[in-house]
Amino acid sequence: MNLKNSLILFQLALILLASFSLAQQQEVCRALVLEGGGDKGAYEAGVLYGFIKNAKNPEDFQYDVITGISVGAINGLGIAQFPKGQESEAIDFLVDGWRKTKQRDVFKNWPGGLLQGLFFKPALFNTDPELDYLDERIFTTPNKRKVTVVATDFVTGEKVTFTESDWADDKQKAVNAALYSSAVPVVFLYRNVEGRTYIDGGWSGEALDIEDAIFRCREVVDSDDKIIVDVIFANNNSFTDATREKFNTLQIHNRYKEIKSYVSATRAYLYSRDAFPHINFRYVMVASQRLPNQDLPLDFKKKNIEFMIDLGIKDALKALNDGPGVSAQEVARLANKYQDDLFFNGEEDQI
C-alpha cells in the first residue's frame, strides 16, 4: 500500500470516528432537580405524577439526569431504578410508596424519649428503621439513568456527591448514599463511614443541585441550549406565616431551617439562571398552596401525604396548561422580588 492510499484510509477512519462520536450525542438532555424537605417529598411525587400521566409526548419527561438532596435524593433514586420509557411504572411505584410510608418506617423514639435523644444521644430520634425502609424502596440498583446524590461532610462542611458510578451494581451503596443525604442534624443520626462523617446534603449550603444536573447533561449533549432542566421545590413559596407569639426550642430551630432552605433554594435557582444563560429551564415547581404547616415535616400523616400528592398533580396540570417556561419565569420573578426586598428593606416579604 503506497503513502497516498494510506492517507486516504486514515482520512476515512477519522471521518467514521467523527460520525460515530456525533451519533453518540443526543439531540437533547432532560434533567430533573429535586429539593429536600422531609415528608414534603410527597409533593414532588405528585408533580411528577401529574407530568408523566398527562404529557402529550411521553418523551418530554424521560429524564436522562436526576439530582437530589435528602428526600429529593430518595425520590430520584426511586425513579432511576426504571429505564427511560418506563416513567409510568416509575411514578406509580413512587406514589404508591409515599401512600404506604408511615413515620415508624423512618424513625422511632429512643426508649427514654426526646430527653434521651437530646442529652444522651447524637440525635433526637433513632433512625435505624430508615435503613430497612430505604432497602425496600430501592429494590434494585438505581443505575438506569445518570444520578447525583448530595450529602455534606460534617467535619469540613464540604458538599459530597455520589453517582451511579459509585454504586455500579451494588445496590447497598446506593441505599447508603440516600441514608447519608437524609441525615438531618439534631433530628436524625449522622453517619460515620471510612473516616468521614456525613449529614444531610442541604447543610452544605445547596438546597438544589442544579449545577451537577447541568454538568452531567454536558456529558450527553454538546451544547447548553440542548439541556432542559425541571426543578421541583419541596418547600413553600413563602415562609412568613409565623403567627405564634411564642416558640419552643425545636420550633425555633425548624423555623430557622425553613427560612434558610427557602433563601438557599431561591438563590441557587437565580444563580443558575444567571450562570447558565443558555439552559432551558422548563418547569420550575413551587407549591401553589402552603404545604402542611408542621413544626417538623416528618409526621407522614396519611391526610397530609394525600393533600401534597393531590396538590402536586394539580400544580403540574396547571404548568402543562400554561406551557414550558411560564412557571420558571414566575418563580424567578417571585424569587427576585423577595431577594430585592430583603436586600433593600431588610425585612421578610409575603409573596
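## Ground rules and confidence

Since the model is predicted, local features need pLDDT of at least 70 and side-chain atom pairs count only at pLDDT 80 or more, while totals for chains, interfaces and linings use all residues. Residues are numbered from 1 along each chain as its sequence is written, and side-chain values use heavy atoms, with hydrogens and water left out.

On pLDDT (the predictor's confidence in each residue, from 0 to 100), the protein chain averages 86, and 81% of the residues score at least 70.

## The overall build

The protein chain has 13 helices and 8 strands. These are DSSP runs numbered from the N terminus: H or I with at least four residues for helices, E with at least two for strands. Of the contacts between residues at least 6 apart in sequence, 77% join residues at least 24 apart.

Buried residues make up 53% of the 351 residues. Here buried means under 20% relative accessible area, exposed means over 50%, and partly exposed is in between (1.4 Å probe, protein chains only). The accessible surface comes to about 16900 Å², with 54% of that belonging to carbon and sulfur atoms; areas come from the Shrake-Rupley method with a 1.4 Å probe, and for residues only the protein chains shown count as cover.

A disulfide is a covalent bond between the sulfur atoms of two cysteines. Taking a pair of cysteine sulfur atoms within 2.5 Å as the cut-off, the count comes to 1 disulfide. Cys-29 and Cys-217 are the partners, with an S to S distance of 2.0 Å. Because Cys-29 sits in strand β1 (residues 29-34) and Cys-217 in helix α10 (residues 210-217), the pair ties together parts that are 188 residues apart in sequence.

The torsion about the S-S bond is about -75°, so this disulfide is left-handed. Cys-29 is buried at 0% relative accessible area, and Cys-217 is buried at 0% too.

## Salt bridges

The structure holds 18 salt bridges, each defined as a side-chain nitrogen of Lys or Arg within 4 Å of a carboxyl oxygen of Asp or Glu. Take Arg-145 and Glu-87, whose side chains meet at 2.6 Å, N to O. Arg-145 is in the loop between α7 and β3 (146-153) and Glu-87 is in helix α4 (residues 87-100), so this pair ties together parts that are 58 residues apart in sequence. Both Arg-145 and Glu-87 are buried.

Lys-226 and Asp-222 form another salt bridge, with their closest N and O atoms 2.8 Å apart. Lys-226 is partly exposed at 27%, and Asp-222 is partly exposed at 48%. Lys-302 pairs with Glu-306 at 3.8 Å, N to O. Lys-302 and Glu-306 are 4 residues apart in helix α12 (residues 302-322), or about one helical turn, and Lys-302 is exposed at 57%. Elsewhere, salt bridges that share partners join Lys-146, Glu-164, Arg-216 and Glu-219 into one network.

Beyond its neighbours within four places in sequence, Glu-164 contacts Pro-142, Asn-143, Arg-145, Lys-146, Val-147 and Arg-216.

Glu-130 is in helix α7 (residues 128-137) and is buried at 4%. Leaving out residues up to four places away in sequence, Glu-130 touches Ile-74, Asp-105, Val-106, Leu-179, Ser-182 and Phe-188. Glu-130 and Phe-188 are 58 residues apart in sequence and 9.9 Å apart in space, C-alpha to C-alpha.

## An enclosed helix and a nonpolar patch

Ile-74, one of the residues touching Glu-130, is also one of the buried residues of α3. In helix α3 (residues 71-80), 10 of the 10 residues are buried, so the helix is largely enclosed by the rest of the structure.

Out on the surface, Leu-115, Leu-118, Phe-119 and Phe-120 form a nonpolar patch with about 520 Å² of accessible area together. Patches are made of residues with over 30% relative accessible area and no salt bridge, joining like charges within 9 Å and nonpolar side chains (Val, Leu, Ile, Met, Phe, Trp, Tyr) within 5 Å. Leu-115 belongs to helix α6 (residues 113-119) and is exposed at 57%.

Definitions and conventions: Contact = heavy atoms within 4.5 Å.
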